[in-house]
Amino acid sequence: MKDSEEVCEKRSASIRLAYQTDPEYRRKVTEASRRNCLNWHKKFHRRPTGPELLLSKLLPKGIRYVGDGSFYVWIPSLVRRRNPDYKVSGQPKVIELFGDYWHRNDDPEVVKAQYAEAGLECLVVWEGELNADPTAVVEKINRFLGPGSSQSELLDRSALILAGGVNRGSRER
């Protein structure tokens, strides 16, 4: 049964009073709120999608998957954090893999500019690119990493042919 408006107002007023007058209550509420805000992503147990698994197989060990919430970047203009899909170890670079369906309305240039605010260079790879020509994606990532990068030791073309047999569904079960 739903409480009346009067009951809700009284409850709200008593909570407000307790928060203003009882430091211990305020501390408990603040800590609980902070815990919930910092750990909300852990509820989702996010695993890589099929395209992310495929891209992970094409990347060297120095580029790690962080789309599970293990790495966040504060974006000042958004006044919130962003979670990229991949982080290049030892370099201020991230890689975002945009799904053709979920990111169809996203502008990659805006995303790159947001990461640039945080001091990171961003490469956006589209799912369609990955499915159509994984070799071109590897070359694109090599260019992004730069010629002197220790991470640019990506798989050769023969390994790409083997990787092409991976299930490219939206999520492996």
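**Cysteines, sheet and helices in a predicted model**

Cys8 is partly exposed, with 36% of relative accessible area. The structure discussed here is a predicted model, and a search through the whole of it finds zero disulfides.

The protein contains seven helices and six strands. Followed along the sequence, these elements give the pattern α-α-α-β-β-β-β-β-α-β-α-α-α. There are 173 residues in the protein, and 33% of them count as buried. Among the contacts with a separation of 6 or more, 55% are made by residues 24 or more positions apart.

The sheet comes next. Strands of a sheet pair through backbone hydrogen bonds, and the pairing can be parallel or antiparallel. Here, four strands build an open sheet with the order 1-4-5-6, and the pairing is mixed. At the edges are strand 1 (63–65) and strand 6 (121–126), each of which pairs on one side only. On average, neighbouring strands of this sheet are turned by 25° against each other, with direction ignored.

Strand 5, residues 93–98, pairs with strand 6 in the parallel sense, and six bridges join the two. Two of the facing positions can be picked out by name in the structure above. Leu97 has Val125 of strand 6 as its bridge partner, while Phe98 stands opposite Trp126 in strand 6. Helix 4, which spans residues 108–117, packs on the sheet and touches both strand 5 and strand 6. The direction of helix 4 makes an angle of about 155° with the direction of strand 6. Taken together, strand 5, helix 4 and strand 6 form a β-α-β unit that is right-handed.

Two loops also deserve a visit. Tyr72 is found in the loop that runs between strand 1 and strand 2. Tyr72 and Pro84 are twelve residues apart along the chain, and their C-alpha atoms are separated by 7.2 Å. Val79 belongs to another loop, the one between strand 2 (73–75) and strand 3 (80–82). Val79 has a phi near 55°, which is a positive value in a residue other than glycine. Is Val79 buried or exposed? Its relative accessibility is 59%, so Val79 counts as exposed, the cut-off for that class being over 50%.

The last stop is helix 6, which covers residues 134–145 and has twelve residues. From its first C-alpha to its last, helix 6 reaches 16 Å, close to the 16 Å expected at 1.5 Å a residue. Which residues of helix 6 are buried? They are Pro134, Thr135, Val137, Val138, Lys140, Ile141, Phe144 and Leu145. Just after helix 6 comes Gly146, whose phi is positive at about 95°.

Notes. Residues numbered from 1 in each chain as written. Predicted model: local features only at pLDDT ≥ 70, side-chain atom pairs only at ≥ 80, totals over all residues. Heavy atoms only, no water. Buried < 20%, exposed > 50% of the residue type's maximum accessible area, 1.4 Å probe, protein only. Expected span 1.5 Å × (residues − 1). Disulfide = S-S within 2.5 Å. Pairing = 2+ DSSP bridges. Axes fitted to C-alpha atoms, helices over the stretch in contact; angles between N-to-C directions. Contact = heavy atoms within 4.5 Å. Right-handed = clockwise from strand over helix to strand, strands pointing away.
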